[in-house]
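Me: I have a structure to work through. Please take me through it step by step.

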Amino acid sequence: MRVGRLIGPGILLGATVLGVATTFTACAFESDFRSDSTVFAPKSPPSFDTPLPIPPLAESEVVDGVRIFSLTAEEGASEFVDGVTTTTWGYNGDYLGPTLRAKRGERVAVDVTNDLAETTTVHWHGMHLPAAMDGGPHQPIEAGGSWRPQWRIDQPAATLWYHPHPHGETEEHVIRGLAGMFILDDETSGSLGLPTRYGVDDIPVIVQDKRLRSDGQFELDSQGNEIGLLGDMVLVNGTWGAALDVTTELVRLRILNGSSARTYDFALDDGRDFALVATDGGLLERPFSTDHVRLSPGERAEMVVAMQPGEETMLRSLPPDLGDVAAPFAFGGNAEFDVLLLRAADALEPSAPLAGQFAEIERFAEADADNTRTFDVQNREINGLRMDMDRIDEVMQVGSTELWNVTNRDLFPHNWHVHDVQFQVLDIDGDAPPAELSGWKDTIYLEPRRRYRIMMRFEDYVDDEKPYMIHCHLLLHEDEGLMSQFVVSTDPPGRNSGQDAGSSDGHGH
Ligand code: C2O
Ligand code: CU
C-alpha cells in the first residue's frame, strides 16, 4: 500500500478511496513517491469535538488618521495531535496570525517585526496597493528586522489574507504556519443581510492540509509529488477535527484555502445547498445557491449556510474535479475529507434574510481591452521563462485594460494568481464562467489545456522599478520559479523579454 500513503493513511478516507489507490499500485507514478517509513500516522480520526478556535481580531491604534496594526513573525509550538508537539511559526502567537480588519477608504499601516532566525516577507494577498508595499520577494525583512508598509484601502469588501513571500522559501514558511486573514469592509457590506458578527455568525475558516513526520515535526518535503506535499490531516484554523457551535439561523463561512498544494471541493455532507456570496475579491452580484465550491490554493469563497435548531452538518471536501489531469489520484483528485462539523444549538437566534442583490459588478467586455497577452504555463515556466528577480517580464500601462489568455500546458494542476489587481474571467474555452468564477478573482485554478481569458484594469500606482508578481499559487511551483514580474508604468504596454516579445503586444485599438 505504498501509494495509499500518498493520499493519506486511510484514516480520513473511505474504503472507496483506498480501493482506487490500490488499483494504481503498479502504475508508473508509484516510483515518484518516496518510500517513507517516517510518516507519522495518526492513530485515530479526529472526533470533531474540539471547539473551532477563532483567530483573534488584531488590535490596532489610529494615529494621525492611520490605523496601525502590529505583526511579529515568531517561532512557537503547537499540539495538532494529542501528545505530539510540533514546532510552528505564527504571527503574534504560535500558529497562524490574528485577523486584520479595515474599511474601504481607511489608511492602514502594519508594523511587521521578524523574530525568526531567517528572512521572511509579509504579502497582502488580494490587496490593491503600491508595489513597494506588496510584501513580495522584493520586500525582505531580515531576521531581527522590521518593515512598515502603509497604504489606503481602496477596494470593495472582501476576504483577503496575508502570508510570507520570500524568494524560493514561501512553501516552507507557509507550511510552518505563517498566514492570517485580512477582512475588508465597505459602505454596503454591513447592510445586505449578511452575517457580520466576527466569530459568532461570521467565521474565518482557514483550511490547510498537513503531514507530520514521526518526530512530530511538519513534513516539508514534497515526497516526489509534482505539485508539492499533500497532507493527511486537514486543519481548520490550526485544529484537526474542530466543531463550530452555530447559534444563529444563518452562518457565514469565509473559507480560505491556505494549503500549499491541495485543491478542495467544499460541500456539506448531507448535500444541502448553501448560498455562495463572495469570492476572492468581494461579493458576487447576488447570492448563488449551490451545493459545492472548488478552491485551489490561495482562493477564497464565502458561503452562508442555513441551519435548523439542534442539527449537525459536516463541511466536507469531496473529490475535486481537477480537469483533464493525467493521474487525478496523485494530485488529491480522489481524496475526501471531513473538515469542520457545524453543530446547531437547540434554539437559534433569527438571522436577517440575505439581500437578493449585493453588488453591481461592471463586466469587462472583450472590446474594452487595450492590450492582449498570452501566458502559457508549463513545468515551472511562464512563456518559457523561470522567475528572475532581476528581470521585469511585463510592462502594464497605467490606465489600461488588459485581456490575457492563460493556459496550463501540463497534465497536472497549476493555478494563476496576479498581484495588485482583481480580475474577471471573461470565458473558459469560449464558455461563460461558472458562478464561482463570475465575480472578482485574484487566483483561479487552471484545468489543463483550457484557455482562460481574464481581464483586468491597471488603475494606478505607477512604479517603474518595483514589480508585482504573477505566479502559480501551488507553493512548490512558485518557489521553483513559476513566477514572473510586472511593473505598472506610464510607458506603453510591453514585454521586456520573453520568447515572443511583441507578438501579442501592442494596442488592441
Ligand atoms: Cu498569495 Cu504572490 O501570493
Ligand atoms: Cu503550478
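Predicted model: local features only at pLDDT ≥ 70, side-chain atom pairs only at ≥ 80, totals over all residues.

Me: Which residues are the protein donors of the copper ion (ligand 2)?

Reply: Donors are N, O and S atoms within 2.8 Å of the metal (3.2 Å for Na, K and Ca); water is not among the atoms, so sites may look incomplete. The protein donors here lie 2.0 to 2.1 Å from the copper ion. They are His414 (ND1), Cys472 (SG) and His477 (ND1).

Me: What spacing do the donors of the copper ion follow along the chain?

Reply: The site links distant parts of the chain, with His414 in strand E28 and His477 in helix H4, 63 residues apart. Helices (H or I, at least four residues) and strands (E, at least two) are DSSP runs, numbered from the N terminus. The spacing of the donors is H-x57-C-x4-H.

Me: Is His414 buried or exposed?

Reply: Buried means under 20% relative accessible area, exposed over 50%, and partly exposed in between (1.4 Å probe, protein chains only). His414 has 0% relative accessibility, so it counts as buried.

Me: How many salt bridges are there?

Reply: A salt bridge is a side-chain nitrogen of Lys or Arg within 4 Å of a carboxyl oxygen of Asp or Glu. One of them joins Arg391 and Asp393, with the closest N and O atoms 2.6 Å apart. Both of these residues are buried. The count of salt bridges is 35.

Me: Which residue meets Arg67 in a salt bridge?

Reply: Arg67 sits in strand E3, and its partner lies 39 residues away, in the loop between strand E5 and strand E6. Arg67 is partly exposed, because its relative accessibility is 23%. The N to O distance is 2.8 Å, and the partner is Glu106.

Me: How many residues apart are Arg343 and Asp245?

Reply: The side chains of Arg343 and Asp245 meet in a salt bridge of 2.9 Å, N to O. Arg343 lies in strand E23 and Asp245 in strand E15. The two are 98 residues apart.

Me: Why does the pair of Phe458 and Phe486 count as edge-to-face?

Reply: Rings of Phe, Tyr and Trp (its six-membered ring) pair if their centres lie within 6.5 Å; planes under 30 degrees apart count as stacked, over 60 as edge-to-face and the rest as tilted. The search of the whole structure finds 17 aromatic pairs. In this pair the centres are 5.5 Å apart and the planes stand at 75 degrees, so it is edge-to-face.

Me: How do the lining residues of the largest pocket divide?

Reply: The largest pocket is lined by 30 residues, with Arg104, Gln155, Pro156, Trp440 and Glu459 nearest its centre. A pocket is an open set of 1 Å grid points where a 1.4 Å probe fits, with protein on both sides within 12 Å along at least five of seven lines; lining residues have an atom within 4 Å of a point. Ala, Val, Leu, Ile, Met, Phe, Trp, Tyr, Cys and Pro count as nonpolar, Asp, Glu, Lys and Arg as charged, and the others, Gly among them, as polar. The lining holds 11 nonpolar, 7 polar and 12 charged residues.

Technical notes:
Residues numbered from 1 in each chain as written. Chains lettered and ligands numbered in written order. Heavy atoms only, no water.
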